[in-house]
Amino acid sequence: MAHNTNGGSINAPASGQTNPYSSPLEPSFLNKEPQDEFVKEVADWIAYVSQGRNDIEIEAKFGVVLDKSTGTRVAPRLGVLVETIVDPREATNMRFESKLSARQHEHLNRMLNDQVTRTVSSSYPHARMAFRHQQTTDDFFSQDSDSKFRVSRDTKTGQVVECIIKKRLGDLHVISPKREVDWRISVNTEEKVDVRSTEGTRPYYSRRKDRMEYMHQHFRIDLTQVTDQANVQTNELEVEFAYPEEVRRILDLRGKDGPEMWGYDQLVAVFINNCRILSRNVVKQ
């Protein structure tokens, strides 16, 4: 019987180091992979902010986190080397600017289109990526400071696509000093309303959106060119949970015995994987 340095016995024969290549590499000495703290922090935050609601929107937008005082990017001067979540209590002097350059937009558009083409092949062994091109005009109507009342219409037909009141519940900023962009995860509520409630009122702001939507399993990637009333065009990238009701369902099962006890955390992990892959494919301006 072997003895450890503290005097306790170990019920295993004393032996030398075995050949490290005699069996497949294991994730740890316990043959378990510890839960990723980054994923857990995001998963816990979304669960806390959403409070089990069904009418939520969970999305990540890409751009830069700026210092409100100086207007400069925060990431290079925070003393961190890799992707980091900012404590929301420390983000009060920060603002997020969601935009990409035309070159970055073009590169991502090409990459995503190539993936759509790749997945439609009959020999492709994984989940396919679907694509939809949508052009809409958004009209915004007066609401309280925390909410946005938006009516979206098909630009060509004028048909109402969506009429909602959107309210922000919380933001979580992710700074990425090694990347061209940071990202911001947001949880919002979306209340569907009757478009007739806007009759007799004028929008205070309008914009046109030319959007490419890419659907892959539980997530939607939106690459959008936005043109404002002054005809200024910006480019936006976001990732969104496509089925918020499914997020609610598996969140209720989190930690409970059963085959889906880790389903919510796995879904958040895939969301973060998509964000990381997209951020790492944003080229220099």
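Colleague: Hi! Leaving aside neighbours within four places in sequence, which residues is Ala60 in contact with?
Modeller: Hi! In this predicted model, Ala60 is in contact with Trp183, Arg184, Ile185, Leu237, Glu238, Val239, Phe271 and Cys275, once neighbours within four places in sequence are left aside.

Colleague: Nice. Where does Ala60 lie, and is Ala60 buried or exposed?
Modeller: Ala60 lies in strand 3, residues 56–67. Its relative accessibility is 0%, so Ala60 counts as buried.

Colleague: And how far apart are Ala60 and Ser206?
Modeller: From C-alpha to C-alpha they are 23 Å apart in space, and in sequence they are 146 residues apart.

Colleague: Let's switch to aromatics. How many aromatic pairs does the count come to?
Modeller: The count comes to eight aromatic pairs. One of them is Phe62 with Trp183: the ring centres are 6.3 Å apart and the planes are at 35°, so this pair is tilted.

Colleague: Which parts does that pair tie together?
Modeller: Phe62 lies in strand 3 and Trp183 in strand 9 (residues 182–192), so the pair ties together parts that are 121 residues apart in sequence. Phe62 is buried, with a relative accessible area of 0%, and Trp183 is buried with a value of 0% too.

Colleague: What about the rings of Phe140 and Tyr205?
Modeller: Their centres are 5.8 Å apart and their planes are at 40°, so that pair is tilted. It links distant parts of the chain, with Phe140 in strand 6 and Tyr205 in strand 10, 65 residues apart. Phe140 is buried at 6% relative accessible area, whereas Tyr205, at 27% relative accessibility, counts as partly exposed.

Colleague: Which residues form an aromatic cluster?
Modeller: Phe38, Phe62 and Trp183 form one. Arg276 lies over the face of Phe38, at 4.7 Å from the ring centre.

Colleague: Last one: what span should helix 2 have?
Modeller: Helix 2 has 18 residues (102–119), which at 1.5 Å a residue should span 26 Å. Its end C-alpha atoms are 26 Å apart, which agrees.

Key
Residues are numbered from 1 along each chain as its sequence is written. This is a predicted model: local features need pLDDT of at least 70, side-chain atom pairs count only at pLDDT 80 or more; totals for chains, interfaces and linings use all residues. Side-chain values use heavy atoms; hydrogens and water are left out. Helices (H or I, at least four residues) and strands (E, at least two) are DSSP runs, numbered from the N terminus. Buried means under 20% relative accessible area, exposed over 50%, partly exposed in between (1.4 Å probe, protein chains only). Contact means heavy atoms within 4.5 Å. The expected span of a helix is 1.5 Å times one less than its number of residues. Rings of Phe, Tyr and Trp (its six-membered ring) pair if their centres lie within 6.5 Å; planes under 30 degrees apart count as stacked, over 60 as edge-to-face and the rest as tilted. A charge sits over a ring if NZ of Lys or CZ of Arg is within 6 Å of the ring centre and within 35 degrees of the ring normal.
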